[in-house]
Amino acid sequence: MGPTRASPPRERRWFRWLPAALILGVFILDLLTPRGVRVFILLAAAPVLVAPWLSLAGTIATGGAALLAAVVLPLVKGRTPFSIDDVFPFSTFVTLTFLAAVVNRLLARERQQLRTAREVAEAVQRAVLPSPPGRIGPLAVAARYEAAAREAAIGGDLYAIHSTPYGIRLMIADVLGKGLGAVRTVNALLGTFHEATLRIPDLPGVVRCLEERIHETNAVENGREAERFVTAVVAELSTDGSTLHVANRGHPAPLLLHHGRARPLEPCVPSLPLGLADLGGPDVPVDRYALPGGAVLVLFTDGVVEARDHRGVFYDPAPRLSRPLPPDPDRVLDALLADLYRYAAGHLDDDIALLAIGLPHDANDDPGKAPAVHRAEADGSRCV
């Protein structure tokens, strides 16, 4: 399934009831105060409060309701509502309602411009990231791309998966920054990955090609953003899905979901992101994992682990996905996104790319046995 936008939880709408509560509260307060004390001028705040959230008609209707309450209040208290003392309060009502209507239109125009910019950014992102096939051999594949709620710039998150003569190779990465510069880097990486996966037999060689392309892209760019780097996971699955090789370049570790447990596949040897290899040496550490049948491999960009709840605590997908989930990549990603949106109250601070691979079932797989994970360096030496 291709990149689709999930539906975040509905935003809280309690603030829409705030004007009605204010009108009712001021009405009651004015009834409880002595006749010489007048508090109904507070009603003029009602249309201003709703201007950012309601339509133009709703804003004007709120101002009218507040004005009606201001007229009724003196009658209830046994005095005329149109004395000379009421000229200033009523003119304030009219002025604030007019200003609230103007603010409402300005905010609506800005929201429309932001919505249009975000739609353009998402359309470009979909064009850059083509939908992966639903199946590659015996493996089921699913992908998602989620744009940050507060962003209208094109992001640098990407994923790719290809069937090659050397196995099924995949990549998920996050380019530093946003905008056209990030898009150029994304395009360069996707093109290089596609070419390298088909002609280079070893995974470290693919990573070195990507590293060289980042340096070339940085060399032709000007200005402060010319020193881009990219966090990435470049991996290779055997055609039967039983063995996984992973080169992790400073990226969040993939998760292996199997029988209600999510295990992060942390690298034995930490590596610097792509574009920073000059600081860490030419070696490309690669970890090898023996995978159980029926498991789901989930890869994601750092927008997942950087999401926060109302207390500012970061999201940790491993314990939250350690529960019974169907071994279906699409349903796993749907469950992950739904949980993430609940955790972050519907707001993402960064774009998110996700890729999930469903491994074929193994007749010898024991449901009560934890998946065996073996790790080794690319040269065959054991990790310690």
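By buried I mean that a residue has under 20% relative accessible area. With that in hand, I can start on this structure, which is a predicted model.

Helix α5 covers residues 180-199. In α5, the buried residues are Gly181, Ala182, Val183, Thr185, Val186, Ala188, Leu189, Leu190, Thr192, Phe193, Ala196 and Thr197. The helix has 20 residues, and from its first C-alpha to its last it reaches 29 Å, close to the 28 Å expected at 1.5 Å a residue.

Next, the sheet. Six strands make up an open sheet, and the order across it is β1-β2-β11-β10-β7-β8, with antiparallel pairing. At the edges are β1, residues 135-136, and β8, residues 261-264; each has a single partner strand, so one side of each has no neighbour in the sheet.

Helix α9, residues 329-343, packs on this sheet. The strands that α9 touches are β2, β7, β10 and β11, and its direction makes about 25° with that of β2. What length should we expect for α9? At 1.5 Å a residue, its 15 residues should span 21 Å, and the end C-alpha atoms are 21 Å apart, which agrees.

As for burial in α9, the list is Pro329, Val332, Leu333, Ala335, Leu336, Leu337, Asp339, Leu340, Tyr341 and Tyr343. So what covers them? The cover includes strands β2, β7, β10 and β11, along with helix α8, residues 317-320. After α9 comes alanine 345, which has a positive phi, near 55°.

Back to the sheet, and to strand β10, residues 296-300. Five of the five residues of β10 are buried, so the strand is largely enclosed by the rest of the structure. Which way do they point? Val296, Val298 and Phe300 point one way from β10, and Leu297 and Leu299 point the other way.

β10 pairs on one side with β11, residues 352-358, in the antiparallel sense, over five bridges. Within that pairing, phenylalanine 300 has leucine 354 as its bridge partner, and leucine 299 stands opposite leucine 355. β10 also pairs with β7, again antiparallel, through three bridges. There, leucine 256 is opposite leucine 297 of β10.

Is threonine 62 buried or exposed? Its relative accessibility is 12%, so threonine 62 counts as buried. The side chain of threonine 62 reaches the backbone oxygen of glycine 58 at 2.8 Å. Setting aside neighbours within four places in sequence, threonine 62 is in contact with Pro19, Ile23, Ala46, Pro47, Val50 and Leu54.

Last, the cysteines. How many disulfides does the structure hold? The number is zero. Cysteine 209, at 15% relative accessibility, counts as buried. Cysteine 268 is at 24%, and therefore counts as partly exposed.

Technical notes
Residues numbered from 1 in each chain as written. Predicted model: local features only at pLDDT ≥ 70, side-chain atom pairs only at ≥ 80, totals over all residues. Heavy atoms only, no water. Pairing = 2+ DSSP bridges. Helix = DSSP H or I, 4+ residues; strand = E, 2+ residues; numbered from the N terminus. Contact = heavy atoms within 4.5 Å. Axes fitted to C-alpha atoms, helices over the stretch in contact; angles between N-to-C directions. Expected span 1.5 Å × (residues − 1). Buried < 20%, exposed > 50% of the residue type's maximum accessible area, 1.4 Å probe, protein only. Disulfide = S-S within 2.5 Å. Polar contact = N/O pair within 3.5 Å; in protein donor to acceptor, adjacent residues only side chain to side chain.
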